[in-house]
Amino acid sequence: MPPVFPAVTANSIQELAEKVGLDVEAFTQTIDEYNAAVQPGNFDHTELDQVHTKGLEVNKTNWARRIDTPPFYAYSLKPGITFTYLGVEVNKNAQMRMSDGKLAKNLFAAGEIMAGNVLGQGYLAGIGMTIGNVFGRIAGSEAADYAINN
Ligand SMILES: Cc1cc2nc3c(=O)[nH]c(=O)nc-3n(C[C@H](O)[C@H](O)[C@H](O)COP(=O)(O)OP(=O)(O)OC[C@H]3O[C@@H](n4cnc5c(N)ncnc54)[C@H](O)[C@@H]3O)c2cc1C
């Protein structure tokens with residue numbers, strides 16, 4: 001997939017380590033060890049091709065290819081929480097249920113914080129945005145109703 005942000009690019013492993021601020025010696029050694037551990041085989045990304053590494057603490061079991069052909073690319077990764085499956089409980093009007101079991105009259109929730117109400121288990125592509133949109137509209141409308149009528 002095309003990346004959202006451009007990669008850091010270098011023509012050598014050393015240069016790449018320098019550009020991303022890694023210890024050059026440790027990084028080079030890690031790549032060298034990995035490359036030496038890659039076993040020969042017929043690489044095929046369309047199936048589990050068994051092309052693996054041997055002798056590493058954590059071996060790659062498929063699609064192991066040597067990292068030896070420039071240009072080399074580095075991407076920074078950051079973790080994110082897609083769904084906690086926890087948060088607040090709401091009813092169908094996005095009204096929050098409080099710890100005494102009663103529905104709050106003027107507290108509504110939408111989106112990630114109440115996604116667990118919809119997602120008992122599993123995940124459908126796009127459901128995060130859908131929950132946010134659908135319950136955002138309901139919560140907004142209910143909150144406006146409450147503000148007008150009280
Ligand atoms: C990596 C990743 C990939 C995803 N991919 C998909 C996907 O492909 N399709 C899909 O449908 N869903 C996807 N999701 C899920 C979806 O992004 C979330 O469910 C959705 O963004 C939640 O929206 P939200 O408005 O409820 O919460 P958020 O987007 O988390 O918004 C909450 C906001 O509140 C702010 N905030 C927090 N505390 C305070 C405070 N005290 N005061 C003021 N502001 C505060 C935060 O800064 C944040 O801006 C993905 C999530 C992640 C992490």
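## N91 and its surroundings

In this predicted model, the side chain of N91 reaches the backbone nitrogen of N93 at 2.9 Å. This is a polar contact, that is, a pair of N or O atoms within 3.5 Å; within protein, one must be able to donate a hydrogen and the other to accept it, and residues adjacent in sequence count only if both atoms are side-chain atoms. N91 sits in the loop between β2 (72-74) and β3 (95-97); helices (H or I, at least four residues) and strands (E, at least two) are DSSP runs numbered from the N terminus.

With a relative accessible area of 17%, N91 is buried. Buried means under 20% relative accessible area, exposed over 50%, and partly exposed in between, with a 1.4 Å probe and protein chains only. Neighbours within four places in sequence aside, N91 is in contact with L103 and F135, where contact means heavy atoms within 4.5 Å.

Residues are numbered from 1 along each chain as its sequence is written, and side-chain values use heavy atoms, with hydrogens and water left out. Because the model is predicted, local features need pLDDT of at least 70 and side-chain atom pairs count only at pLDDT 80 or more, while totals for chains, interfaces and linings use all residues.

## Domains and nonpolar cores

The chain is divided into domain 1 (8-74) and domain 2 (95-149), with bounds from an automatic or database domain assignment. Taken over C-alpha atoms, the centres of domain 1 and domain 2 are separated by 45 Å.

The largest nonpolar core has 13 residues, of which M114, L119 and I131 touch the most other members. Helix α3 (residues 127-149) gives the most to this core, with four residues. A nonpolar core is a set of buried Ala, Val, Leu, Ile, Met, Phe, Trp, Tyr and Cys residues joined through side-chain atoms within 4.5 Å. Leaving aside neighbours within four places in sequence, I131 is in contact with G111, M114, A115, V118, L119 and G136. A second, separate core of eight residues includes A10, A17, F72 and A74.

A139 belongs to helix α3 and is buried, with a relative accessible area of 9%. The C-alpha atoms of A139 and A110 are separated by 6.4 Å, although the two residues are 29 residues apart along the chain. Leaving aside neighbours within four places in sequence, A139 is in contact with A94, F108, A109 and A110.

A94 is in the loop between β2 and β3. Its relative accessible area is 0%, so A94 is buried. Phi of A94 is near 65°, a positive value in a residue other than glycine.

## Ligand site

The residues around the ligand are G80, I81, T82, F83, A110, G111, E112, Y123, G126, I127, G128 and M129, each with a heavy atom within 4 Å of the ligand. A polar backbone atom of E112 is 2.7 Å from an oxygen atom of the ligand. For backbone N or O atoms, the distance to a ligand oxygen is 3.1 Å at G126 and 2.8 Å at M129. Taken alone the ligand exposes 1,000 Å², and the protein buries 32% of that; areas come from the Shrake-Rupley method with a 1.4 Å probe, and for residues only the protein chains shown count as cover.

The peptide bond from P70 to P71 is cis, with omega near 0°. Q50 has a positive phi of about 65° although it is not a glycine, and at 57% relative accessibility Q50 counts as exposed.
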